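Biologist: Please walk me through a model like this one, one feature at a time. I'm new to reading strands and helices.

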Amino acid sequence: MKKTFKYLVPLLWGALAVTLVMIASSIKYNNDNWLPEDNPEQQASDLLTREFEQNAEQLLIAFTLQDGSNFFTKPMIDSFSEFSDRLIDIENVKEINSPLEATVIIEEGDTLQIQSYRRALEKDAIKDYQEYRRILTDSPYYGLLISKDYSIITFSVLVDSVKQAELREETLGNIYQLLAEYQDLGKISVAGNLRLKAQLNSSTHSELGRLLLMTALILSSFLLLMFGQFWRVGLLFGTAGICVLASLSIVVLFGHDLTIISLTLPVMIVVIALADSLHIMGYWDDLRESESFANTGELLKRVMGYSWRPCLNTSLTTAIGFGSFALSDILPLQQFGRDAAVAVMVSYVLMLLAMASGLWYVSWQKPTSKLGARNDFIIALILQKLLKLVHARSKTITSVSILVLIITGTALGWARTETNLLDVFFKPDSEIYRAFNLIDDELGGSGSVDIIFTEHEEEFFRSYQPFAETLRLEKLLLGLPLVKGVQSYLDPVREVHEKFSEDESAEPDNDEELNQELLFLDFSRSADKQDVLAPYLDFTAERIRVKVQLPNLNSTKLAVFLAELNKNLPDYQLPAPVITGHSAFFQTLSDYVVKTQLSSIAITFLLIFFVLLVQFGFSVSLIGIVATTLPVVMTLGTVSLFGLPFDFATVIIAAVAMGISVDDNIHIMHCYSNKLKQTGNHNLAIESAMMIPGKPVLKTSLLFMLGIGIFASSDLVILTRFGIFATQAMFLAWFSSTMLLPAMLNLFQPSAKPVDA
C-alpha cells in the first residue's frame, strides 16, 4: 500500500497542476471597468460614450517636427496626407482629426460647403499654403491640433474598441507599426485614454510574469539559505505553486479579469502559503527533535492535528481582511475581495493536503541540515534576548508602542487620495507621462471634463435661449483657472455664422439665424462624411455636450475645479447637468477610495476581534487586537506623514497588514493559551509562545518582507508604494507579535480561554 501511494500521490498532484494550468492560462488582463454598470457615474460615462463619442476611444499622436522643418510645405503635407490615408485604412480606426482632416467652410461659386482642409487644398479652394496657415491659425483647431508655434502636429484618432481590450491591442499594434515607418517626420509621442488603458493592460500582463519570477528566485534563495536542503525548498514551493495556480483559476472561474490591483493576489498567495507551510514544517522539526514516534504516520497525525486550527484561524482572518473589499464600490477592488477571500481558503485546504502528503512522502530525509540547525540556533538566541527584554521592559514596550500608535494615528487627519490614472500608475520620467505632458504644455490638454445637458423635448437645443445660455457658460468656463479650451456646438455654428452673416456679429442672435445655420451644418457634410455637430449635439437636439479641456490634474486640484464648476452651474437656465468625462469620472473614485478604506478597516477589525474572542476569550483577544492595530495605524500614518496619497493599491495595505499581523499573533496566542492551560505557569507560557512559534514567525516575517518588497521594484508607482509600505507593515507586524503582544501578556497576565490542541 505504501509503495502504491508513493507513486499515486505525485500523479494526483501532477494531474491537479495540469488542470489548474489549463484554467489559469485563459486569464485575461483588463483595467477598463472601474464601476458597476448600474452605478450613476458609470451610467453618465456610458451616456457620453454612446451619444457623443461613437462608442470609440481616443488616441493622440503628436509629431514634434525637427528644427527647421515647416509643416506648410508640399513635401510635408504630402507625407502627412499619405500617413493619414494609411492610418484610416487600419481596421477599427473610425475617424481621424488633424490639421489636414479638420473641417473648414469654403466658398465654391455662389455656394458654401464644409470641406476638410486637405480637400480644400486639393480643389484649390485654399489657394496656397500661406493661406492655409492663416485660415488654420484663425480656427478653433489652432493650439489644439497644431501647436501655436506650428512645431507639433497632432492626429486625434477614434478607435472602435470600447471595452474590448484584445481589439484595442491589435489595432494599437498596427498603428505602432505604421508609426515606425514615419519617424522621419518628427519625434512621435502617443497619448490619449486609449494609450493609457492599453498601457495598463500591457503592464499588468508583463508585471505578473516578472513579479512571480522574482518572487520564486528571491524566496527560494532565502529558503535554501534558511534550511540548506533542496527537498524542503521543493516541497514549500510546490505547495505555493499549486496555491497560486488555484488563485488564478478562481479569477477565471468567477469570470473576472486580472487587473493591476488584483495583480497583488498571486504574489500574496505565494507568501501566505509559504508562511503557513513554514509553521507546519517548524512544528514537524520540533516534534522530531524533542519526542520519539513509532512511525511517520503517528508523527504526521500529531503535526497536522496541532497545526490545522491555528492555520485555519490565520486563513480566516486573512480572508476577512481581503474579503472586506468585496463591499467596495470600485469594481476591481470588489472583484479582488471576492477572488482573494475564496483563494485564501482554497489555498488553506491545498496547503494542508500538500504539506501532509509531502512530509509523508519525504519522511526518510533528515529533519534538519547543519545550516538549518545553525540558523535555528541563531534565531533561538535572538528570541531569548527578546524574551529577556520583554520580561524586563514590558511596561516600557507597551507604553511607548501605544504612544507611537496615537501620534502616527493623528497624521491620518492629513490623508488625501489620488485616483488620476496617470499619477497613480506612472512615474513622471516615464515615456507615457512625458507624452501626456507634451499635450498639456503645447496643445489642448490631456484631461477633460464633459458637461451633458438633456431636455426631453425634441429640437430644444435648436432654439436660441439654450444657445445663449451655453454662450454664457462658455465664457465662465474659459475664465476658470487651468481651462485650456472649451468645445461645443457653438464652434461650428460660429464658423457658419461668419460666412452667413452680413454684419460683424460673432454668433446668431435669434431663432431664425440659429436654425438656418444648424440646418446647413446638418446637410452640408464634407466629402469624407465627417459630421461636425455629432460630437456635441445629438440627432434629435435634446442633448448637448460641452467639453472642457484641462491638463492632467491631480485629484486635489481637480476636486477644487469641480467644486467651482458645480457652484456656478445652477446660475444658468439650462437642464440639470451631468458631469462626466475621463478626468471627472476618475475623480469621483476618490470618494469611493475613502469609503473603501474606512469600511475595510471597520469590517476587518470587528470580524477579526470576533474570531479572536471565540478562540481565546475577551482579555487575551483585547490584547491581541491592540497588537494587531499597531502595524495598520503606524503604516497608514507614515503614508500621510510623507504627504503621499491613498490610491487603489495603498488602500489594500490596511486590511492586508491587519490580516497578516493577526496571523502571527494567533500563533503566539494559541501557544500561550495552550501552555497556560497545561502548566498554569504564566512565565512558562510566555517563554513557549516566544520560542516555539517565534521561530517560524521570524522566518515568515522575513518571507513576507522579501515577498511583498518585490513590488517596490516595479516601474508602476502604485505597486512601488504598495511594496514599500506593505513591507513596513510586515516589519511592524513582526515587532507587534514578538515584542508588543508578549509584553502586554506579561504586563497584564490575562487568564486564557483553553484552546484545544
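Biologist: Which residue in S9 is the bridge partner of Gly447?

Modeller: Strands in a sheet pair through backbone hydrogen bonds, in a parallel or antiparallel way. Here Gly447 has Leu550 as its bridge partner in S9. Strands (DSSP runs of E, at least two residues) and helices (runs of H or I, at least four) are numbered from the N terminus. This is a predicted model, where local features need pLDDT of at least 70, side-chain atom pairs count only at pLDDT 80 or more, and totals for chains, interfaces and linings use all residues. Residues are numbered from 1 along each chain as its sequence is written, and side-chain values use heavy atoms, leaving out hydrogens and water.

Biologist: How many bridges join S7 to S9?

Modeller: Two strands count as paired if DSSP finds at least two bridges between them. S7 (residues 447-454) and S9 (residues 543-550) are joined by 8, and they run antiparallel. Helix H2 (residues 40-52) packs on their sheet, in contact (heavy atoms within 4.5 Å) with S7, S9 and S10, and its direction makes about 105° with that of S9. Helix H18 (residues 555-568) touches S7, S9 and S10 too, at about 25° to S7. Such angles run from 0 to 180 degrees between N-to-C directions, using axes fitted to C-alpha atoms, for helices over the stretch in contact.

Biologist: What is the strand order in that sheet?

Modeller: The order is S8-S9-S7-S10, an open sheet of 4 strands with antiparallel pairing. S8 (485-487) and S10 (577-580) each have a single partner strand, so one side of each has no neighbour in the sheet. From one strand to the next, the twist averages 20°.

Biologist: Now a helix pair. At what angle do H7 and H9 cross?

Modeller: The axes of H7 (residues 193-227) and H9 (residues 264-290) cross at roughly 20° and come within 10 Å. These two helices are therefore roughly parallel (under 35 degrees; over 145 is roughly antiparallel, 65 to 115 roughly perpendicular, the rest oblique). Among the contact residues are Leu208 and Phe227 of H7, and Pro266 and Met281 of H9.
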